[in-house]
2 protein chains.
Amino acid sequence: MSKQQISPERSGGCCSPISVMALNESAAAEGAAVFKALSDPIRLRLMSIIASAGDEVCVCDITPHFAVSGPTISHHLRVLREAGLVDCERRGTWVYYWPLPDRMQWISALLAVPEPTH
Amino acid sequence: MSKQQISPERSGGCCSPISVMALNESAAAEGAAVFKALSDPIRLRLMSIIASAGDEVCVCDITPHFAVSGPTISHHLRVLREAGLVDCERRGTWVYYWPLPDRMQWISALLAVPEPTH
DNA sequence: TCACTAAGTTGATGTTCATCTAATCAGCGA
DNA sequence: TCGCTGATTAGATGAACATCAACTTAGTGA
């Protein structure tokens, strides 16, 4: 507790202070949860397939694109659903998934370098 | 192998086929790695602090904002660095981090619903 | 009701990850 | 050189996760 105890920011030797944190803790937790849903290559491809289809997609058309088992695909789709990135509906034998663009736009806005809040 | 073996897409009862996958496997792996770097609340706040500073940020100004130990912050900063999201430089006693906007823009573009490729 | 198919759930397993303490590296000043 | 501080690295540990086989649920058609 003697010499270099003072932050260089205060002593003028370091950098400009961080004026305001752009993300509070709860927003960070929510955002991180969405990023975690996209942090798996299979889920990212799933999301890509569903989002680029422009319409709803049948699970039976998704599964053949992947080398993993059906239950694994089902698990990943559930993760995407619980993250609010997609929704689904059963119609007859088949289940259809479609993207929820609101969530994707929100997370995309998080990535846009936020304007400094000062 | 009798009745419903044929994909509904082919039999006309399901949905429009996925013409082209928007993300190939290697791009998905690379993108997922970046999203994984952002999938932790602490790393997302770190990224937010560094990106919103508009300039480089001293580690000594970052650490006090978090309730975890110094080595843990260091670990998370390394993950962000290895994901290509930030870079750093030691100057004297202190280490400074700054954002690499290219990577953030690339990942943000991934999230923009890709125009249908057909 | 019965046989069949699509999709999801359960339970188990091996791996990855976040975190800590302790030790090390790097720079400054006396 | 020695002592001090900032930051990273190394190793260990407990929790979370991806995956599969087996089973269950939901729906179709005969």
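DNA strand D is surrounded by 29 residues, and the closest are Gly92(A), Val59(B), Cys60(B), Pro71(B) and Ser74(B). The elements that give two or more residues to this surface are helix 5 (70–82) of chain A, plus helix 4 (59–62), helix 5 (70–82) and strand 3 (94–99) of chain B. A residue is near a strand if its C-beta atom, placed from the backbone, lies within 6 Å of it.

This is a predicted model, in which local features need pLDDT of at least 70, side-chain atom pairs count only at pLDDT 80 or more, and totals for chains, interfaces and linings use all residues. Residues are numbered from 1 along each chain as its sequence is written, while chains are lettered from A and ligands numbered from 1 in the order in which they are written. Helices (H or I, at least four residues) and strands (E, at least two) are DSSP runs, numbered from the N terminus.

DNA strand C has 31 residues around it; Val59(A), Cys60(A), Pro71(A), Thr72(B) and Gly92(B) come nearest. Here helix 4 (59–62), helix 5 and strand 3 (94–99) of chain A, together with helix 5 of chain B, each supply at least two residues.

The table sets out both surfaces.

Helix 3 (residues 41–52) of chain A packs against helix 2 (residues 25–37) of chain B at an angle of about 110 degrees, with the axes 8 Å apart. Helix 3 of chain A is therefore roughly perpendicular to helix 2 of chain B, a term for angles of 65 to 115 degrees. Axes are lines fitted to C-alpha atoms, for helices over the stretch in contact, and angles run from 0 to 180 degrees between N-to-C directions.

Pro41(A), Leu44(A), Arg45(A) and Ser48(A) meet Glu25(B), Ala28(B), Ala29(B), Gly31(B), Ala32(B) and Phe35(B). Contact requires C-beta atoms, placed from the backbone, within 7 Å.

Strands pair if DSSP finds at least two bridges between them. Val86(A) has Pro99(A) as its bridge partner. Two residues lie between the strands, and Gly92(A) in the turn has a positive phi of about 70 degrees. Gly92(A) is also one of the closest residues to DNA strand D.

Terms used:
Parallel < 35°, antiparallel > 145°, perpendicular 65-115°, else oblique. Contact = placed C-beta atoms within 7 Å.
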